[in-house]
Amino acid sequence: MMRLVRAGRRGFTGDAAVLADDDHRAQVTDYFADLVRPFGAEPVAVLSGHSYGEMAKELVAEVVPAAEPVDLLVLAFSVHDVWPGRATATYLSHVCPGTPMSFAICDQGSASPFTGLRVIRDYGVRRALLVVVEQAALPYESTAATPLAHRGVAMLYEDGAGTRVTDVRQYPDVGPEAVPEVARLGVAELSAGHPGARVVLSDSLAAAWPGSPDHTRVPSGQPTTGVWWHLAEEREGAVLVGDYDRELRYLCFAVVAQS
């Protein structure tokens, strides 16, 4: 299994430099208009937003030293990038020490980073990087709440030398009424193997789990990076993070040990 050895987090202000190009901005606006037209959504002009490639590039430079090449890189996100034509995971492989094999995981809401941990675990590599990013602009009208800020978290994992240090549980198709019982069992199961682990819940999971134990609850407003932003602040010990995507009905937990 894998041990978290280093993590970095960063907020980003302003907009992606690529949006300064009028032709590119117009092309992106047309691209998203074509995508949402069959669903009856109204497109809006792409005037703001951030590029995951530029955000993650800075995080990679902060977290991965040149002397610690990475074997696998996983990019996890939910909100659209403002540079949809770029193969961002491939680009990040190019700028990351080790030129690692890379994956991008999306369309899973807040479950995406947990799936990223499963990919890292199942590939059994020596060193892997999980990058979780979200930007705060949607290029079409939507009832979904957008993030409050552009944020990213990068987590560098290493082979734990056979020690069980990271574990993941994902429960699909969990309705709100079933969350309390499934969450209680999931936390109990993971905590049993990691006594003393701190439990950190997203605001969406805490809201769906009334009467939950006195666990740490992260503030609302960052649906994809919320619990991972908090995890990146920790310096030692095991942390059990949990998240619930009410729209997609994914309930996820992971316990991460840090060296």
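Student: In this predicted model, which residues is Arg127 in contact with, leaving aside its neighbours within four places in sequence?
Tutor: Met2, Glu68, Pro69, Val70, Asp71, Leu72, Leu156, Tyr157 and Glu158 are the contacts of Arg127. Arg127 itself lies in strand E4, which spans 127-134.

Student: Why is Arg127 called buried?
Tutor: Its relative accessible area is 10%. Buried means under 20%. Arg127 therefore counts as buried.

Student: What makes the pairing of the Arg127 and Glu158 side chains a polar contact?
Tutor: The separation is 3.0 Å. The cut-off for such N or O pairs is within 3.5 Å, so the distance qualifies.

Student: Where does Asp245 lie, and why is Asp245 called buried?
Tutor: Asp245 lies in strand E9. Its relative accessibility is 13%. The limit is under 20%, so Asp245 counts as buried.

Student: What surrounds Asp245, leaving aside its neighbours within four places in sequence?
Tutor: Asp245 is in contact with Gln108, Gly109, Ser110 and Tyr250. A polar atom of the Asp245 side chain also lies 3.0 Å from the backbone nitrogen of Leu248.

Student: How far from Asp245 is Ile105, 140 residues apart along the chain?
Tutor: The two C-alpha atoms are separated by 15 Å.

Student: Why is Thr99 called exposed?
Tutor: Thr99 has 56% relative accessibility. Exposed means over 50%, so Thr99 qualifies. Thr99 sits in the loop between H3 and E3.

Student: What makes the phi of Thr99 worth a remark?
Tutor: The angle is near 45 degrees, a positive value in a residue other than glycine. Most residues other than glycine have a negative phi.

Student: Where is Asp173 found, and what is its phi?
Tutor: Asp173 is in the loop between strand E6 (166-171) and helix H5 (179-192). Its phi is near 55 degrees, again positive in a residue other than glycine.

Student: How do you know whether Asp173 is buried or exposed?
Tutor: Take its relative accessibility, 57%. The cut-off for exposed is over 50%, so Asp173 counts as exposed.

Student: Which residues of the largest nonpolar core touch the most other members?
Tutor: Leu117, Ile120, Leu130, Met155, Tyr157, Trp228 and Val241 do, in a core of 31 residues. Strands E1, E2, E4, E5, E9 and E10 each give two or more residues to this core, as do helices H4 and H7.

Student: What does Ile120 contact, leaving aside its neighbours within four places in sequence?
Tutor: Ile120 is in contact with Met2, Leu72, Val74, Ala128, Leu129, Leu130 and Tyr157. Apart from this core lies another, of 21 residues, including Phe12, Ala56, Leu75 and Phe77.

Student: Which residues of helix H3 are buried, and what do they pack against?
Tutor: Thr88, Ala89, Tyr91, Leu92 and Ser93 are the buried residues of H3. They pack against helix H2 (52-63), E2 and strand E3 (101-105).

Student: What lines the largest pocket?
Tutor: There are 46 lining residues, with Ser78, Val79, Gly109, Ala144 and Ala145 nearest its centre. The elements giving two or more residues to this lining are H1, H3, H6, H7 and E9. The pocket's volume is about 1200 Å³.

Student: How do the lining residues divide by type?
Tutor: The lining holds 23 nonpolar, 15 polar and eight charged residues. Among those nearest the centre is Gly109.

Terms used. Residues are numbered from 1 along each chain as its sequence is written. This is a predicted model: local features need pLDDT of at least 70, side-chain atom pairs count only at pLDDT 80 or more; totals for chains, interfaces and linings use all residues. Side-chain values use heavy atoms; hydrogens and water are left out. A nonpolar core is a set of buried Ala, Val, Leu, Ile, Met, Phe, Trp, Tyr and Cys residues joined through side-chain atoms within 4.5 Å. Buried means under 20% relative accessible area, exposed over 50%, partly exposed in between (1.4 Å probe, protein chains only). Helices (H or I, at least four residues) and strands (E, at least two) are DSSP runs, numbered from the N terminus. Contact means heavy atoms within 4.5 Å. On a 1 Å grid over the protein atoms alone, a cavity is a set of points where a 1.4 Å probe fits but cannot get out, and a pocket is an open set with protein on both sides within 12 Å along at least five of seven lines; lining residues have an atom within 4 Å of a point. Grid points are joined across faces, edges and corners, and a volume is the space filled by probe spheres set on the points. Ala, Val, Leu, Ile, Met, Phe, Trp, Tyr, Cys and Pro count as nonpolar, Asp, Glu, Lys and Arg as charged, and the others, Gly among them, as polar. A polar contact is a pair of N or O atoms within 3.5 Å; within protein, one must be able to donate a hydrogen and the other to accept it, and residues adjacent in sequence count only if both atoms are side-chain atoms.
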